[in-house]
Amino acid sequence: RMADFLRPALDMLSAPAEPQTRQTWRPKTSPAPSSPPGRRAAAPAFTMQGGKGGPQPRVTVAITLYNYERYIVQCLDSLRSQSLASFDLVVVDDASSDGSRSACAKWLKRRGRRFRSFQLLSPAENSGLAVARNLAFSRAATEFVFILDADNSLYPRCLERLSQALDACDADAAYSFLNLTGDEAGLKNTLAWRPDRLREGNIIDAMALFRRAAWRRLGCYRSQPVQGWEDFDLWLSLIERGDRSV
């Protein structure tokens, strides 16, 4: 059954590439990158901005949020506890049908000054994970962008240590251990970067710190026929270009 399920996606990945039309995001805070193929994403119908201000930091945390009302507060609380003194936040609520956006807005209204700047964006229609992440990246004005799903949280030194890792080398991305809880409790992402390990599948979680320039160079996240393969596709694009992660 798994082979039958994956076969259409594998056939598509192995087929010759077809010319694709790219749309363009036009954010106010940074130059517009090319967005991935797929449905056109509507301009945010709801926006909320704020923060304490100050010198521009080097890191932006990009959160994609869709129907995770019960997790988003814990996720944001983990950012509040980061040892990294200053960083930006961009949250893209991809037209959630629950109270995700309201819960996030309420938290930001009370604690948003933890960040140098924050943006809460919510398009009127759901556009999918790839488009939501590209919107978050396009609104970032920092050198590094950390991808964070709304149902995850970070240990206090995470952003600081990953930033130090990229400062110490010329890699385009850095990822850390992932501590799973519940039925699948244990550590993931424990293997060092080696491209041939990805032949068996994606062994690296979505949460990673990227150089924003690398995201542009790789052509952004691309929508995939199988949900959840957007990150795998990006890692494979990194390999194809001969780039690396740490």
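A contact means heavy atoms within 4.5 Å. The model used in these exercises is predicted.

**Exercise 1. Compare the span of helix H3 with the expected one, then find which of its residues are buried and what covers them.**

Solution. 
Step 1: H3 covers residues 100-111, twelve in number. From first C-alpha to last, H3 reaches 16 Å. That is close to the 16 Å expected at 1.5 Å a residue.
Step 2: pick out the buried residues. In H3 they are Ser 100, Ala 103, Cys 104, Ala 105, Trp 107 and Leu 108.
Step 3: recall the helix repeat. An α-helix has 3.6 residues a turn, so residues three or four places apart point the same way.
Step 4: name the cover. The buried residues of H3 are covered by elements including strands E1 (44-50), E2 (59-65), E3 (88-93) and E4 (118-123). Helix H2 (69-80) is also among them.

**Exercise 2. Classify the aromatic pairs Trp 107 with Phe 115 and Phe 137 with Trp 215.**

Solution. 
Step 1: A pair of aromatic rings is described by the distance of the centres and the angle of the planes.
Step 2: count the pairs. The structure holds five aromatic pairs.
Step 3: take Trp 107 and Phe 115. Their centres are 6.1 Å apart, with 40° between the planes. The pair is tilted. Both residues are buried.
Step 4: take Phe 137 and Trp 215. The centres lie 4.7 Å apart and the planes meet at 15°. Planes under 30 degrees apart count as stacked, so this pair is stacked.
Step 5: locate the stacked pair. Phe 137 is in helix H4 (residues 129-139) and Trp 215 in helix H6 (residues 212-218). The two are 78 residues apart, and the pair links distant parts of the chain. Both Phe 137 and Trp 215 are buried.
Step 6: look for a cluster. Phe 87, Trp 107 and Phe 115 form one.

**Exercise 3. Is helix H4 mostly covered or mostly uncovered?**

Solution. 
Step 1: count. Ten of the eleven residues of H4 are buried, which leaves the helix mostly covered.
Step 2: read the names. The buried set includes Arg 133, Asn 134, Phe 137 and Arg 139.

**Exercise 4. Describe the largest pocket: what is its volume, and which residues lie closest to its centre?**

Solution. 
Step 1: take the volume. The largest pocket holds about 920 Å³ of space.
Step 2: find the centre. Of the 30 lining residues, Ser 153, Leu 178, Asn 179, Leu 180 and Met 207 are the closest to the pocket centre.
Step 3: name the elements. Those giving two or more residues to the lining are H2, strand E5 (144-149), helix H5 (158-167) and strand E7 (178-180).
Step 4: sort the lining. It divides into 16 nonpolar, eight polar and six charged residues.

**Exercise 5. Describe the backbone at Asn 67 and Ala 95.**

Solution. 
Step 1: recall the rule. Most residues other than glycine have a negative phi, and most peptide bonds are trans.
Step 2: take Asn 67. Its phi is positive, about 55°, although Asn 67 is not a glycine. Asn 67 lies in the loop between E2 and H2. Asn 67 is partly exposed, at 28% relative accessible area.
Step 3: take Ala 95. Its phi is positive too, near 60°. Ala 95 belongs to the loop between E3 and H3.

**Exercise 6. Where is Arg 113, and what does Arg 113 touch beyond residues up to four places away in sequence?**

Solution. 
Step 1: Arg 113 is in the loop between H3 and E4.
Step 2: check exposure. Arg 113 is exposed, with a relative accessible area of 58%.
Step 3: list the contacts. Arg 113 touches Gly 51 and Lys 52.

Definitions and conventions:
Residues numbered from 1 in each chain as written. Predicted model: local features only at pLDDT ≥ 70, side-chain atom pairs only at ≥ 80, totals over all residues. Heavy atoms only, no water. Helix = DSSP H or I, 4+ residues; strand = E, 2+ residues; numbered from the N terminus. Expected span 1.5 Å × (residues − 1). Buried < 20%, exposed > 50% of the residue type's maximum accessible area, 1.4 Å probe, protein only. Phe/Tyr/Trp six-rings, centres within 6.5 Å; stacked < 30°, edge-to-face > 60°. 1 Å grid on protein atoms, 1.4 Å probe; cavity = no way out; pocket = protein on both sides within 12 Å on 5 of 7 lines; lining within 4 Å. Points joined across faces, edges and corners; volume = space filled by probe spheres on them. Nonpolar A, V, L, I, M, F, W, Y, C, P; charged D, E, K, R; others polar.
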